[in-house]
Amino acid sequence: LGRRINAAVSDLTRSSNLDEKAFDGMIKEICSALLQADVNVRLVSKLQKSIKAAVNFKELAPGVNKKRLIQKAVFDELVQLVDPHAEPFKPKKGKPNVIMFVGLQGAGKTTTCTKLARHYQSRGFKACLVCADTFRAGAFDQLKQNATKAKIPYYGSLTQTDPAVVAKEGVEKFKKERFEIIIVDTSGRHRQEDALFQEMVDIQSAVKPDQTIMVLDASIGQQAEAQSKAFKETADFGAIIITKTDGHASGGGAISAVAATHTPIVFIGTGEHMLDLERFAPQQFVSKLLGMGDMQGLVEHVQSLKLDQKDTMKHIAEGVFTVRDLRDQLSNIMKMGPLSKMAGMIPGMSGMMQGMDDEEGSLKLKRMIYICDSMTAKELDSDGKMFVDQPTRMTRIACGSGTSVREVEDLLTQHKMMAGMAKKMGGNMKNMQRAQGAM
Ligand code: GDP
Ligand code: MG
């Protein structure tokens, strides 16, 4: 999707007679790319109008960077779409917060409820899991295994067949034991069925959740709107988690679900592992969707500054990007300034720095560097994957650097994203070098 949109924009800026007709053609191309990415039809047509309104072609002053302007308009409109401007639920310490998961079978509920419990556990909440999936054989076993691995207390039954009864028993037991985050995993069906919806209502009235979360597979596609509406009507969820964003799906379905239900996405699943859960950030999500972030521009700028980049450049050319590479980039950015301009060139960084002035931005960069400096040499030279399964290391690093676990996680997320870009770019650069060598 990103490639198609960027191609449409560059075609426009490359064509010598940059007229309104070419501009219209470009918007059409962008919209068809969005449709293909499963963004809902009606949304796309709304988007089309707002982009046109945002970029008033006739009144563009000569000399403005039209490409950037148009890209920014598309970006801003998409961010508007995934940002419902509604505050998501925040659990409170010292009281039981009951969270119920709903969604179709295979959406990722069981996997995600463990991830979420671990997330809160690592932030000092007393968290536990209740398995109210009595429909699928093996459901309780799956939850048990995940929970045991994450050292999270759980409750379930192999004999009780009424999910509402199990849910109630589990929630009551854990409330008595003063748990603060009680997550109830429910069953799904392959399709939306009356039986599923009846079960959701029964469990909801049995445990009276403080928050219901709908789990949606990123590859849901055009059904996202209808499905999330149907779930919203029955279970009135207050938050969405999108899973499998690490897959091939472009995430257009997610945008449609938010727009259809006016409900915020709170987290995204980025892999099968327990730590593959990230807080949802609209700007970051959209820049990923659009493939934005001008890595190439950054590399060129860095080269022109003749900073010590040898290792990183060599790494990127090999498709590798270590945590130390990230640290070096951060400290180079500090030297390069102005920060806001530089940050915009790094994929994902622009979202992170959004709304910060240069001073706040440098403070944030400094804290990221402190985090890196609290790592061991082995950790710095790694691909960052070693932190998976090592929440205690992350806590240590947070302590050592005077930051928070959240910041350490954010840094690793940032690194993971950049490593992914480097991997892609490495391939391209190898081809480029081969082509140059042939000349
Ligand atoms: P449930 O039926 O809704 O409980 O779904 P499960 O939690 O059992 O997940 C179904 C499958 O999706 C499992 O194989 C999970 O490992 C996988 N899965 C869940 N979340 C993610 C994710 O974020 N990324 C990837 N790649 N796989 C995921
Ligand atoms: Mg399940």
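Is Phe237 buried or exposed? Select Phe237 and look around it. With 24 C-beta neighbours inside 10 Å, Phe237 counts as buried. The cut-offs: buried takes 20 or more other C-beta atoms within 10 Å of the residue's own, exposed 12 or fewer, partly exposed anything in between, with C-beta atoms placed from the backbone.

This is a predicted model, in which local features need pLDDT of at least 70, side-chain atom pairs count only at pLDDT 80 or more, and totals for chains, interfaces and linings use all residues. Residues are numbered from 1 along each chain as its sequence is written, while chains are lettered from A and ligands numbered from 1 in the order in which they are written.

**Stop 1: around Phe237**

Stay on Phe237. It sits in the loop between α9 (224-235) and β6 (239-243). Helices (H or I, at least four residues) and strands (E, at least two) are DSSP runs, numbered from the N terminus. Then show the contacts of Phe237 outside four places in sequence: Val102, Thr212, Ile213, Met214, Phe231, Lys232 and Thr263. Contact here puts C-beta atoms, placed from the backbone, within 7 Å.

**Stop 2: residues 264-277**

Select 264-277. An unreviewed UniProt entry annotates these residues as "domain: SRP54-type proteins GTP-binding". UniProt positions follow the numbering used here, feature names are shortened, and annotations may be inferred rather than shown by experiment. The stretch is 0% helix and 43% strand, with its end C-alpha atoms 16 Å apart.

**Stop 3: α7 and α8**

Select helix α7 (residues 163-176) and helix α8 (residues 194-207). Their axes come within 9 Å and cross at roughly 25°. That makes α7 roughly parallel to α8, a term for angles under 35 degrees. Axes are lines fitted to C-alpha atoms over the stretch in contact, and angles run from 0 to 180 degrees between N-to-C directions. Show the contact: Pro163, Ala164, Ala167, Lys168 and Val171 of α7 meet Glu199, Asp202, Ile203, Ala206 and Val207 of α8.

**Stop 4: Thr148**

Go to Thr148 in helix α6 (residues 139-149). With 12 C-beta neighbours inside 10 Å, Thr148 counts as exposed. Thr114 is 34 residues from Thr148 in sequence, and 9.8 Å from it C-alpha to C-alpha.

**Stop 5: confidence**

Colour by pLDDT, the predictor's confidence in each residue, from 0 to 100. The chain mean is 81, and 78% of residues reach 70 or more. Over residues 293-297 pLDDT is below 50, yet this stretch has 10 contacts beyond near neighbours in sequence. Residues 435-439 stay under 50 too, with 0 contacts beyond four places in sequence.

Technical notes. Two residues are in contact if their C-beta atoms, placed from the backbone, lie within 7 Å. Angles under 35 degrees count as roughly parallel, over 145 as roughly antiparallel, 65 to 115 as roughly perpendicular and the rest as oblique.
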